[in-house]
Amino acid sequence: MKRFVSMSLLLGVCVAAWGQSPSSWPDLTQQQTYTPHRASSTDPTGANQDFRTVGPGATATVLDVDGPGTIAHIWFTIADNEPYNLKRIVLRMYWDGETSPSVEAPIGDFFGLGLGEYHTWQSEMLSVGNDKSLNCFFPMPFASHARITVTNEGNQPINALYYNIDYRTYSHPLSRDTLYFHAEYQQAQPNRGWTNNWKTNQDALVNDKTNSDGQGNYVWMEAKGHGQYVGVTMSVLQNQDMWWGEGDDMFFIDGAKTPQIIGTGTEDYFLGAWDFGGRPFSYQLYGAPVVGAELAGSRSSVYRFHLAQPIPFQKSFKATIEHGNANHRSDNFYSVAYWYQADPHEPLPPLPPVEQRLPALQPAGGPGNSGAGVH
């Protein structure tokens, strides 16, 4: 009975968040009239070679279908021996014949693995299961066409790319007000802090510094047009000692010069508290599945999804977070932000060259960092 109640509440949240559009979770109490499909890497001969190989520099098209329809679920698993292959493989998605992708990110980052290494975690929209199974449940509507590609920017082949993409098509057009799924990769290696002359995060020099307009914040995403922000995954490689999360989230809606929404600390935005207590956790809409020690060289990963209350915008939107109080710290951040908006969209920022995407400690100075390396 408890499970039934929990599922009912979950379906209620999804309906409230997404409305009764074709991109909603289907109402399980009503007969569905869509046509289900699957694009997969299955062996076309009927044998058991159910994968694709992708050579260095090559692109595999894993979905290329006409609409109207909605992608309901994406699953990948990858056999690739190259170090940091999750950073070298790029996932792109295109809607309705566009030439500029609505999604462009290293495949690991898209699935919350921003440090280029596997760890298991679970949420309502994204999860990584045992062993190395990448899952996405964001609904992705398309009016006339959908195309998804996987590009190998590494120096070694992807020995085996397995995929299943479940989607449905409709006999009726999408609603004219349907919003399209977008995801943007960003990184700062490092976020360059305004000072390295500090010993603790509580030094008056940095603790009393003010930041009312978000100047120098790390930017998760920017968009023009109308839509709604629904969340972010982020990973951190510390270049400096002590707690990396002394920074507030700040959201700028429709061209505002000061944030309309501002938080109280990084762990608070990701719905933990007190440096996450030094322990990892994963829940449906928030979590910190990797929590490192508060030392230079440590790694952490966090996520937050706003399904109960997406943040809407009518003209423009910018989602940001401080790196340390008023941006005094110089750690490395890697993130993917997720949102829905009406197309056409502004082009996404170009991806950094592949070698610059690989996580690496930086000579940033400050506690625990000797300038040329880390103690």
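I started with Phe 305, buried or exposed? Its relative accessibility is 2%, so I noted Phe 305 as buried, the cut-off being under 20%. A reminder to myself: this is a predicted model.

Next I counted ring pairs and got 31 aromatic pairs. The one I looked up in detail joins Phe 138 and Phe 305: the centres are 5.8 Å apart and the planes meet at 85°, so I wrote it down as edge-to-face. Where do the two residues of this pair lie? I found Phe 138 in the loop between strand 9 (133-136) and strand 10 (140-142), and Phe 305 in strand 20 (residues 299-305). The pair therefore ties together parts that are 167 residues apart in sequence. Phe 138 has 1% relative accessibility, so it goes in my buried column too.

I then turned to Phe 281 and Tyr 286, another edge-to-face pair, with 6.3 Å from centre to centre and 65° between the planes. Phe 281 counts as buried at 18%, while Tyr 286, at 25%, counts as partly exposed.

Which cluster takes in Phe 138 and Phe 305? I listed one aromatic cluster that holds both, and its members also include Phe 76, Trp 121, Tyr 163 and Tyr 340.

Last entry: charges over rings. I found Arg 168 over the face of Tyr 34, at 5.2 Å from the ring centre. I also found the charged end of Lys 209 over the ring of Trp 194, 4.6 Å from its centre.

How values were computed. Residues are numbered from 1 along each chain as its sequence is written. This is a predicted model: local features need pLDDT of at least 70, side-chain atom pairs count only at pLDDT 80 or more; totals for chains, interfaces and linings use all residues. Side-chain values use heavy atoms; hydrogens and water are left out. Rings of Phe, Tyr and Trp (its six-membered ring) pair if their centres lie within 6.5 Å; planes under 30 degrees apart count as stacked, over 60 as edge-to-face and the rest as tilted. Helices (H or I, at least four residues) and strands (E, at least two) are DSSP runs, numbered from the N terminus. Buried means under 20% relative accessible area, exposed over 50%, partly exposed in between (1.4 Å probe, protein chains only). A charge sits over a ring if NZ of Lys or CZ of Arg is within 6 Å of the ring centre and within 35 degrees of the ring normal.
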